[in-house]
Amino acid sequence: TISSEDKPFNLRSRDPIYSNKLGKLFEITPEKNPQLRDLDVFLSVVDMNEGALFLPHFNSKAIVVLVINEGEANIELVGIKEQQQRQQQ
Amino acid sequence: QEEQPLEVRKYRAELSEQDIFVIPAGYPVVVNATSNLNFFAIGINAENNQRNFLAGSQDNVISQIPSQVQELAFPGSAQAVEKLLKNQRESYFVDAQPNEKEE
């Protein structure tokens, strides 16, 4: 069955959640879209100017798969070093 | 029992068109655009996700820690921590060039 909920939607149809001279982030979350709620997925699109920095942050529970559409970027991710070998001694 | 000090592990990459990069939940991340940039992101396990910033004036979780706790967590005094956190007046997206002139 096809419902009105199965229509395509546009990420840029809502206002960006973050926006300034250096960048914009548009996002649709499962709370705002039934199709995304079924998948438990959020979708974002980000525009950044050359020389802009998306400030250090972390997502509380979402695993994010990022795809570069246009342009180039340096990305830095921080994790904790595994200490298992030392614990075995 | 001796406790081993936890060390951070840094992961860096230069990304270009059509590259894919995965950010595990809870891992801090920074993106620096070396050219005009457009990327999209798919967030798995998204329900009630919160994006917590570690710098800037909006949504900065470090600024939400009470000053007594900040003073114990960092070597600097409460005043020094507050001053440092307030230095970055912008939020979310900032200029990657550090300010050469501070007023």
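What follows is a tour of the contact between chain A and chain B.

Reply: Before we start, keep in mind that this is a predicted model: local features need pLDDT of at least 70, side-chain atom pairs count only at pLDDT 80 or more, and totals for chains, interfaces and linings use all residues. Residues are numbered from 1 along each chain as its sequence is written, chains are lettered from A and ligands numbered from 1 in the order in which they are written, and side-chain values use heavy atoms, with hydrogens and water left out.

Going along the sequence, the pattern reads β-β-α-β-β-β-β-α. Of its 89 residues, 40% are buried, where buried means under 20% relative accessible area, exposed means over 50%, and partly exposed is in between (1.4 Å probe, protein chains only).

Now for the contact, which means heavy atoms within 4.5 Å. Chain A brings 55 residues to it and chain B brings 63 residues. The size of an interface is often given as the accessible area lost when the parts come together. Here the buried area is about 7,300 Å², and carbon and sulfur atoms give 56% of that. (Buried area is the accessible area, with a 1.4 Å probe, that two parts lose on being put together, summed over both.) On the chain A side, A:Phe58, A:Ile75 and A:Leu77 lose the most area to chain B, together 11% of what that side buries.

What about polar links? The rule finds 52 residue pairs in polar contact across the interface, with both residues at pLDDT 80 or more. (A polar contact is a pair of N or O atoms within 3.5 Å; within protein, one must be able to donate a hydrogen and the other to accept it, and residues adjacent in sequence count only if both atoms are side-chain atoms.) As for where chain A touches its partner, β2 (23-28), β3 (41-48), β4 (52-59), β5 (63-70) and β6 (73-80) each supply at least two residues of that side. By class, this side of chain A has 29 nonpolar, 13 polar and 13 charged residues. (Ala, Val, Leu, Ile, Met, Phe, Trp, Tyr, Cys and Pro count as nonpolar, Asp, Glu, Lys and Arg as charged, and the others, Gly among them, as polar.)

Eight bridges join it to β1 (residues 8-15) of chain B, and the strands run antiparallel; two strands pair if DSSP finds at least two bridges between them. Look for A:Gly79, whose bridge partner in β1 of chain B is B:Arg9.

Over in strand β5 of chain A sits A:Val67, which is buried at a relative accessible area of 14%. Leaving out residues up to four places away in sequence, A:Val67 touches B:Asp19, B:Ile20, B:Phe39 and B:Phe40.

Next come the salt bridges (a side-chain nitrogen of Lys or Arg within 4 Å of a carboxyl oxygen of Asp or Glu). One of the cross-chain bridges pairs B:Arg51 with A:Glu27, with the closest N and O atoms 2.5 Å apart. This pair runs from strand β5 (residues 51-53) of chain B to strand β2 of chain A. Both ends are tucked away in terms of accessibility: B:Arg51 is buried at 12%, and A:Glu27 is buried at 11%.

Another bridge pairs B:Glu7 with A:Lys81, and here the closest N and O atoms are 3.3 Å apart. B:Glu7 lies in the segment before β1 of chain B and A:Lys81 in the loop between β6 and α2 (84-88) of chain A, so this pair joins two chains. Both count as partly exposed, B:Glu7 at 32% and A:Lys81 at 35%.

To finish, compare a bridge inside chain A: A:Arg12 and A:Asp47, with the closest N and O atoms 2.8 Å apart. A:Arg12 is in the segment before β1 (18-19) and A:Asp47 is in strand β3, 35 residues apart. A:Arg12 is partly exposed at 40%, and A:Asp47 is partly exposed at 21%.

How values were computed
Helices (H or I, at least four residues) and strands (E, at least two) are DSSP runs, numbered from the N terminus.
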